[in-house]
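Student: I have a model open and would like to talk it through with you. Could we go through it piece by piece?

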There are 2 protein chains.
Amino acid sequence: MNPTVETTLTQTVLERFAGCPDARFKTIMNSLVTHLHAFVRDVRLTDDEWMQAIQYLTAVGKKCTDTRQEFILHSDLLGVSSLVLEINHPPHAASLESAVLGPFYLEDAPARPLGADLTDGMPGEPAFYSGCVTDTAGRPIAGATLDIWSADGAGFYDVQLPGPLVKRGRGKIMTDADGRYWFRSVKPADYPVPTDGPGGVMLQKLGRTPDRPGHLHLIVAAPGYTAVVTQIFVADSKFLDNDAVFGVKKSLAAKFERHAPGRAPNGEQMNVPYCTVQFDMRLLAAA
Amino acid sequence: MNPTVETTLTQTVLERFAGCPDARFKTIMNSLVTHLHAFVRDVRLTDDEWMQAIQYLTAVGKKCTDTRQEFILHSDLLGVSSLVLEINHPPHAASLESAVLGPFYLEDAPARPLGADLTDGMPGEPAFYSGCVTDTAGRPIAGATLDIWSADGAGFYDVQLPGPLVKRGRGKIMTDADGRYWFRSVKPADYPVPTDGPGGVMLQKLGRTPDRPGHLHLIVAAPGYTAVVTQIFVADSKFLDNDAVFGVKKSLAAKFERHAPGRAPNGEQMNVPYCTVQFDMRLLAAA
């Protein structure tokens, strides 16, 4: 019996890439077609399911705008974004782990003095962050930059609010001579990923929840060290083990210790409860 | 050493599907994520390549309209459509092979008498098609329906022409008491797939050609037999072994025999050269 088209088709397609002048693109497309065909064969995809897949991908594309990226959301929800992060920024046992950049980073956050209040009136439970940036041997790194951004206490980033952008919860601060940093912001709230598009339909069909645990984004950089894009997660969030986008790492979970109204670490008199967060970070010397 | 997130992440994502109430959907998503992650790991996809992939998929989505399906084009160009066809309509040695339906089928083609001229003034070299529809033992099937459509001699389907749709090159005919059919149309031209979108960019980057060999579409159906969606390919097309969408099967290639002006098979006096095509079809009894 002759081999069937089903068994030979993948090779036929790969042979058609023989003339591809870009070796890297050829490698990628070879692998993509091999895995795509294997998927179709594995599940014995039906005609109807194929058409549903086409219509689904089209709907994802139609949902994308200048301010909404539904394909990135799907990459996040299926763990692909986290996988790409692991491959390109593998963890080093002695240093700070990475987390995804996410869609809400702005490059031109204002420089702020050490100890600054980054909230600019942003709602949320006050939180005083502090810690030390060191090398992997624990030696302090002076002048390390922390580029910080986060959602507010309701789970919204400044760029998500209606009207013209008013930057809040963002700032760049620098460690002191002893590698220490401290600043005030809020305890970032848990929030759901956008569910008003195909991604929400997919989550529902999968019986999954859309929630992310609260987290503060930061990029830590210092001359002579490998910069790290990461997040500090609220350790007591009920979504810590169930992050919709698979971004949590245990080493990035920090305790948000709650205090009654009183004198805060910066000497300020607080009339409301507030949190303190202690989080040290180790950087790897640049290669 | 602990297992890395890179190695455990796929399983973490699959475990999140545990509550999916739809067993078939769960199977499909399990396989999709497994293969998607394997692809990313195999090629060590970089951050930049990931972003290019996101932007590419978005561009494919943006190119889709009511009359243009760029995702289906990509499914065709990567051999996925043909693979789905093979899985769902596997060949049976003794019967007519399948080919993809394509995007130009209209359900309400007019019924025409045996021998009809389907062209309605469509440009192209005249072609007289004939043959016999039988069961797999070669016994004629009377009253089998051939639902026929094709491009014209310039490679365009009626639905692709500007202005309101005027149906051409379409019709349903029925075999006679001896299972025979015959009709007049044109020799369908080779034509390229649309290259003014991302699909064209991809073909160029892969060093591939966009051309399809000329072909006549038809759906053959008869009571008590399994209907077949298929195409008759022009055997002497220079793209027969290089179809951009991997649709050609050897058993579906038919000789378009060219004749000098003179008396055609239907008795008509032809003032221009014309073709004759002989193509018999065997149907499998319905299961």
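Student: Which strand order does the open sheet of chain B have?

Tutor: The open sheet has 5 strands in the order E3-E2-E7-E8-E9 (chain B), and the pairing is mixed; strands here are DSSP runs of type E with at least two residues, helices are runs of H or I with at least four, and both are numbered from the N terminus. Its edge strands, each pairing on one side only, are strand E3 (170-174) and strand E9 (253-254) of chain B, where two strands pair if DSSP finds at least two bridges between them.

Student: How many bridges join E2 to E3 in chain B?

Tutor: Strand E2 (residues 145-150) of chain B and E3(B) run antiparallel and are joined by 5 bridges; among the residues involved, B:Leu146 has B:Ile173 of E3(B) as its bridge partner.

Student: Before going on, what should I know about the model and its numbering?

Tutor: This is a predicted model, in which local features need pLDDT of at least 70 and side-chain atom pairs count only at pLDDT 80 or more, while totals for chains, interfaces and linings use all residues. Residues are numbered from 1 along each chain as its sequence is written, and chains are lettered from A and ligands numbered from 1 in the order in which they are written.

Student: How many residues are in contact across the two chains?

Tutor: In chain A, 61 residues are in contact with 61 residues of chain B, a contact meaning that the C-beta atoms of two residues, placed from the backbone, lie within 7 Å. The elements of chain A that give two or more residues to this side are helix H1 (5-15), H2, H3, helix H4 (70-77) and helix H5 (80-88), and H2(A) provides the largest share, 16 residues.

Student: What does H2 of chain B pack against?

Tutor: The buried residues of H2(B) pack against H2 and H5 of chain A, together with helix H1 (5-15) of chain B. Those buried residues include B:Met29, B:Leu36 and B:Phe39; buried means that 20 or more other C-beta atoms lie within 10 Å of a residue's own, exposed means 12 or fewer, and partly exposed is in between, with C-beta atoms placed from the backbone.

Student: Is A:Arg44 buried or exposed, and what about A:Phe246?

Tutor: A:Arg44 counts as exposed because it has 12 C-beta neighbours inside 10 Å, whereas A:Phe246 is buried, with 22 other C-beta atoms within 10 Å. A:Phe246 also has a positive phi, about 60°, although it is not a glycine, and it lies in the loop between strand E8 (228-234) and strand E9 (253-254) of chain A.
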